[in-house]
Amino acid sequence: MRILGIDPGLATIGLGVVEATSVHDIACIEWLTIMTKAGKSAADRLLEIHRDLGAFLKEAKPDLAVVERLFFETNVQTAMGVAEARGVILLTLAEHGIPLIEPTPLQLKSTITGDGRADKQQVQQMLLRMLKLTEVPTPDDAADALALAVYGAVVHHPQTLIADSKHAR
């Protein structure tokens with residue numbers, strides 16, 4: 001199963017793609033970002049996100065997408081832009097008929113590290129181990145997106161989790 005993680009933003013959208021056959025067999029395919037220019041209007045930036053993500057979806061052909069649910073943002077201006085971009089991302093995924101999971105940051109961190117209060121470095125270190133990477137994905141937006149894709153791989157295989165927990169006893 002090919003899973004796309006998306007870290008929403010107006011200036012930078014992180015994308016991470018994994019291929020998973022089980023929770024123990026998750027391979028990193030790629031990570032990248034879509035970036036929009038600060039000088040453009042919000043409408044133009046949102047249109048650019050829509051077009052670029054649509055083109056990427058045609059190329060990557062994910063079976064599932066994982067987009068982080070907005071939880072809390074102290075900067076209202078930033079939160080509005082991220083929310084608008086997130087709406088465009090959800091619309092684009094729906095246009096392409098891609099099923100969606102929307103975890104909270106707490107769910108994501110708990111699943112990846114076992115600790116819902118883990119920091120970015122702890123999540124990134126687990127990504128290194130789980131995906132057998134030699135370097136931490138950069139920028140942070142792409143690393144976050146890759147963590148979302150791994151989250152999708154783990155939660156989408158409940159039968160494997162049940163079977164693995166029986167063997168662990």
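**Close-up views of a predicted model**

**View 1. Surroundings of Val155.** Leaving aside residues up to four places away in sequence, Val155 touches Ile101 and Thr111, where contact means heavy atoms within 4.5 Å. The model is predicted, so that local features need pLDDT of at least 70 and side-chain atom pairs count only at pLDDT 80 or more, whereas totals for chains, interfaces and linings use all residues. Residues are numbered from 1 along each chain as its sequence is written, and side-chain values use heavy atoms, with hydrogens and water left out. Val155 and Thr111 are 44 residues apart in sequence, and their C-alpha atoms are 8.3 Å apart in space. Val155 counts as partly exposed because its relative accessibility is 32%, this class lying between buried (under 20% relative accessible area) and exposed (over 50%), with a 1.4 Å probe and protein chains only.

**View 2. Strand 4 and its partners.** In strand 4 (residues 64–67), Leu64 and Val66 on one side and Ala65 and Val67 on the other are all buried, and both faces are thus covered; strands are DSSP runs of E with at least two residues, and helices are runs of H or I with at least four, numbered from the N terminus. Strand 1 (residues 2–7) pairs with strand 4 in the parallel sense over 4 bridges, pairing requiring that DSSP finds at least two bridges between two strands, and Ile3 stands opposite Leu64. Strand 4 also pairs with strand 5 (residues 100–101) in the parallel sense, over 2 bridges, and there Ile101 is the bridge partner of Val66.
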